[in-house]
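Please look over the sequence and the model shown here.

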Amino acid sequence: MTLSDGGTNPLEMTDPRDTRFMARALELAQAAAEAGEAPVGALLVDPATDEILAEAHNRPILANDPTAHAEILALRQAAERRGNYRLTGLELFVTLEPCAMCAGAISHARIGRLVYGAHDEKGGAVAHGPRYFDQPTCHWRPDVVSGIMAEKSADLLRGFFRSRRKAKGDGI
């Protein structure tokens, strides 16, 4: 079943592969949280072999790089490994709906399938905000599956930001 946001209903069509790879992305997101970064994890998989070609978590603070989102870092790793910036047909698993920058990079890399966990109503660009893949100027659109392990992804994000606010004395 395709939803209006271009994704599929995870309650009706959850693929065990999606759950397995999203569980790994969540481990990466947890590592980001432990490093003081927003807990987002991403990995790229070759669907023909189920080999994980690249994995990363958010690192903009540690790298002093505003582009060091988990998706961008994973795309860079996979492109380096493949020796090609085109990553046609690969699957990207990410714990949070990609932002506009990451959606643009996903399109330029020609990712075949995007699987993400939690929606991001404020910063997302797939089902929210600019809805990047729905724009007529978007030259490549991956298949999109959303909501895989969404509650776990959202809980990790909420807990991380709640603890940061508490540490800063901003309350809960």
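Setting aside neighbours within four places in sequence, Leu87 is in contact with Leu44, Leu75, Ala78, Ala79, Arg82, Ala109, Arg110 and Ile111, where contact means heavy atoms within 4.5 Å. This is a predicted model, in which local features need pLDDT of at least 70 and side-chain atom pairs count only at pLDDT 80 or more, while totals for chains, interfaces and linings use all residues. Residues are numbered from 1 along each chain as its sequence is written, and side-chain values use heavy atoms, with hydrogens and water left out.

Leu87 belongs to the largest nonpolar core, which has 33 residues; Leu44, Leu87, Ile111, Leu114 and Phe133 touch the most other members. A nonpolar core is a set of buried Ala, Val, Leu, Ile, Met, Phe, Trp, Tyr and Cys residues joined through side-chain atoms within 4.5 Å. Buried means under 20% relative accessible area, exposed means over 50%, and partly exposed lies in between (1.4 Å probe, protein chains only). Two or more residues of this core come from each of strand S1 (41-46), strand S2 (51-57), H4, S3, H5, S4 and helix H6 (150-168). The largest share, six residues, is supplied by H4. A second, separate core has 14 residues, among them Ala29, Leu43, Ile148 and Leu156.

The protein has six helices and five strands, counted as DSSP runs (H or I of at least four residues for helices, E of at least two for strands) and numbered from the N terminus. Their order from the N terminus is α-α-β-β-α-α-β-α-β-β-α. The radius of gyration is 15 Å, close to the 16 Å that the globule rule gives for 172 residues, so the protein is as compact as a globular protein of that length. That radius is taken over C-alpha atoms, and the rule is 2.2 Å times the number of residues to the power 0.38. The C-alpha trace spans about 45 × 35 × 35 Å along its principal axes.

Of the 172 residues, 48% count as buried. Among contacts between residues at least 6 apart in sequence, 59% join residues at least 24 apart. The protein exposes about 8,500 Å², of which carbon and sulfur atoms supply 54%; accessible areas come from the Shrake-Rupley method with a 1.4 Å probe, and for residues only the protein chains shown count as cover.

Which residues of helix H5 (residues 100-109) are buried? They are Cys102, Ala103, Gly104, Ile106, Ser107 and Ala109. Their cover includes helix H4 (70-82), strand S3 (91-96) and strand S4 (113-118). Ser107 has 0% relative accessibility and so counts as buried. Not counting residues up to four places away in sequence, Ser107 touches Tyr132, Phe133, Cys138, His139 and Trp140. Phe133 is also one of the residues that touch the most other members of the largest core.

Met22 is buried, with a relative accessible area of 0%. Apart from neighbours within four places in sequence, Met22 is in contact with Phe93, Val94, Thr95, Val115, Tyr116, Gly117, Ile148 and Met149. Asp18 counts as buried at 2% relative accessibility, and beyond residues up to four places away in sequence it touches Phe93, Arg113, Val115, Val145 and Ile148. Asp18 and Phe161, 143 residues apart in sequence, are 26 Å apart in space, C-alpha to C-alpha.

Some backbone angles remain. Most residues other than glycine have a negative phi. Asp50 has a positive phi near 60° and lies in the loop between S1 and S2; with a relative accessible area of 26%, Asp50 is partly exposed. Asn64, in the loop between helix H3 (60-63) and H4, has a positive phi near 50° and counts as exposed at 70% relative accessibility. Arg110, which follows H5, has a positive phi near 65°. Arg110 is also among the contacts of Leu87, the residue at which this account began.
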